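Colleague: I am new to this structure and would like to go through it with you. Could you show it to me first?

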Amino acid sequence: MDAEKNHGLKSLARQLKDKGYKIGIITSASIDHATPGGFYASQPDRSMYYEIGVDAANSGFDFFGGAGLLEPRSKRNLSAPCLYDLFNQKGYTMFRGMDAYNRAAAKDKILLFPTDTVSKSLKYAMDRSAKDLSLPDLTKACLANFQETAKKGFFMMVEGGKIDWAAHAHDGGAVVKETIDFDQCIRLAYDFYKKHPNETLILVTADHETGGLGLGNSDMNLNIDLLQYQKCSQEALTAAMREMKSGKMIPSWKDMKAFLKKNLGFWEQIKITPREELELLVCYEESFLKKKSKDVVSLYAKDEPLAVAAIALLDKKASLGWTTKTHTGAPVPLYAIGKQAVLYSGRRDNTDMANVLRKLFLIK
């Protein structure tokens with residue numbers, strides 16, 4: 001849409017689809033989220049998830065992979081069809097999990113979601129098990145499918161969306177693990193590039209920085225290695241603490257210390273001063289004993305105050321600092337390799353990402 005919300009504009013992905021290229025849209029969020037939706041949807045508001053999902057079904061794009069759909073049934077029009085039925089009518093085949101997908105022959109028009117399509121996103125890398133669908137799984141599946149079915153060529157958009165989610169929540173360890181997970185997707189793309197160096201272009205960038213993440217909060221020394229002791233995300237800590245609260249027996253402070261020691265390395269691998277323990281104890285008493293605490297709200301999460309306090313302490317110990325819970329205006333890096341990658345050198349405007357590609361593909 002244009003600035004006046006007029007329809008009719010075509011995204012780069014749509015223009016490439018019209019020229020015969022296969023299109024894959026992959027994300028660790030849901031496929032109707034803002035970034036994936038920007039490649040196929042024409043709606044005035046990012047929260048119109050059902051309408052965005054309708055645009056996805058009507059796009060004819062060849063491979064969608066992510067956490068499913070946020071609003072498979074319309075909240076505004078109760079007689080509107082279920083989106084999963086609509087996708088089926090449009091010729092899409094849905095697979096829940098890699099086992100189901102791997103058992104089938106390569107097909108056109110695929111939806112690849114986790115076994116639980118109710119989730120709003122894929123699990124954080126540090127929380128998932130070997131059975132859980134991952135962003136590298138989706139990337140590998142789409143690449144393999146397109147190598148077999150794309151006759152002219154293909155365009156893939158792969159979003160490491162939960163890097164942003166973790167940064168909104170100021171979960172430094174999860175940011176690091178999500179970035180490493182995204183790097184595995186880049187490795188898969190790079191391996192493909194090495195086999196096809198004269199016809200492949202890889203671009204890696206971001207739509208914005210989140211959280212104002214800074215390295216160093218007291219001096220130039222960093223203690224990033226302390227993040228290795230974080231065994232689960234702030235989201236998973238919150239879920240575990242809520243389960244404790246709902247039980248018949250409220251955990252004692254001794255039990256909570258053992259929990260934090262196991263999941264964050266506190267008191268064992270990471271030294272906790274008496275003052276820092278007191279601050280955690282006060283937070284525990286307010287939340288678990290007095291039950292006066294309210295959830296800490298960020299854009300994609302409502303977290304248990306003690307979980308937030310514990311992760312904040314770990315970030316501080318690791319020398320990480322934050323300036324905001326939202327996005328910042330900081331420039332983001334742009335990495336490019338492959339065919340005509342030199343055209344992306346230097347400081348660029350964000351619209352150049354698509355405009356340069358349009359020139360490469362001779363799209364007016």
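Predicted model: local features only at pLDDT ≥ 70, side-chain atom pairs only at ≥ 80, totals over all residues.

Colleague: Let us begin with the second largest pocket. How much space lies in it?

Modeller: The second largest pocket holds about 840 Å³ of space.

Colleague: And which residues lie nearest its centre?

Modeller: Ser119, Lys120, Ser121, Leu122 and Lys123 lie nearest the centre, out of 36 residues that line the pocket. Two or more lining residues are given by each of the elements α5 (98-102), α7 (161-168), α9 (234-246) and β10 (301-303).

Colleague: Which element gives the largest share of that lining?

Modeller: The largest share comes from α9, with five residues.

Colleague: What is the lining of that pocket like by class?

Modeller: The lining has 16 charged, 14 nonpolar and six polar residues.

Colleague: Is Ile224 buried or partly exposed?

Modeller: Ile224 counts as partly exposed, because its relative accessibility is 32%.

Colleague: On to charges. How many salt bridges are there in the whole structure?

Modeller: A search of the whole structure finds 18 salt bridges. In general, side chains of opposite charge can pair when their charged atoms come close.

Colleague: What is the N to O distance for Asp18 and Lys10?

Modeller: The side chains of Asp18 and Lys10 meet in a salt bridge at 3.0 Å, N to O. Asp18 is partly exposed, with a relative accessible area of 45%, and Lys10 is also partly exposed, at 49% relative accessibility.

Colleague: Where do Asp183 and Arg187 lie?

Modeller: Both lie in helix α8 (residues 172-195), four residues apart, which is about one turn of the helix. Asp183 counts as partly exposed, at 31% relative accessibility.

Colleague: And which residue does Glu304 form a salt bridge with?

Modeller: Glu304 pairs with Lys245, and their closest N and O atoms are 2.9 Å apart. This pair links distant parts of the chain, 59 residues apart: Glu304 is in the loop between β10 and α12 (305-317), whereas Lys245 is in helix α9.

Colleague: Why does Glu304 count as buried?

Modeller: Glu304 counts as buried because its relative accessibility is 1%, and under 20% is the cut-off for that term.

Colleague: Which residues do salt bridges with shared partners join into one network?

Modeller: Lys17, Lys22, Asp62 and Asp108 are joined into one network in that way.

Colleague: A change of topic: where is Gly53?

Modeller: Gly53 is in helix α3 (residues 49-59). Gly53 counts as buried, at 0% relative accessibility. Between the C-alpha atoms of Gly53 and Thr35 there are 13 Å in space, and the two residues are 18 residues apart in sequence.

Colleague: Last one: where does Leu334 lie?

Modeller: Leu334 lies in the loop between β12 (327-328) and β13 (335-338). Leu334 is partly exposed, with a relative accessible area of 26%. From Leu334 to Gly346, 12 residues apart along the chain, the C-alpha atoms are separated by 9.0 Å.

Definitions and conventions:
Residues numbered from 1 in each chain as written. Heavy atoms only, no water. 1 Å grid on protein atoms, 1.4 Å probe; cavity = no way out; pocket = protein on both sides within 12 Å on 5 of 7 lines; lining within 4 Å. Points joined across faces, edges and corners; volume = space filled by probe spheres on them. Nonpolar A, V, L, I, M, F, W, Y, C, P; charged D, E, K, R; others polar. Buried < 20%, exposed > 50% of the residue type's maximum accessible area, 1.4 Å probe, protein only. Salt bridge = Lys/Arg side-chain N within 4 Å of Asp/Glu carboxyl O.
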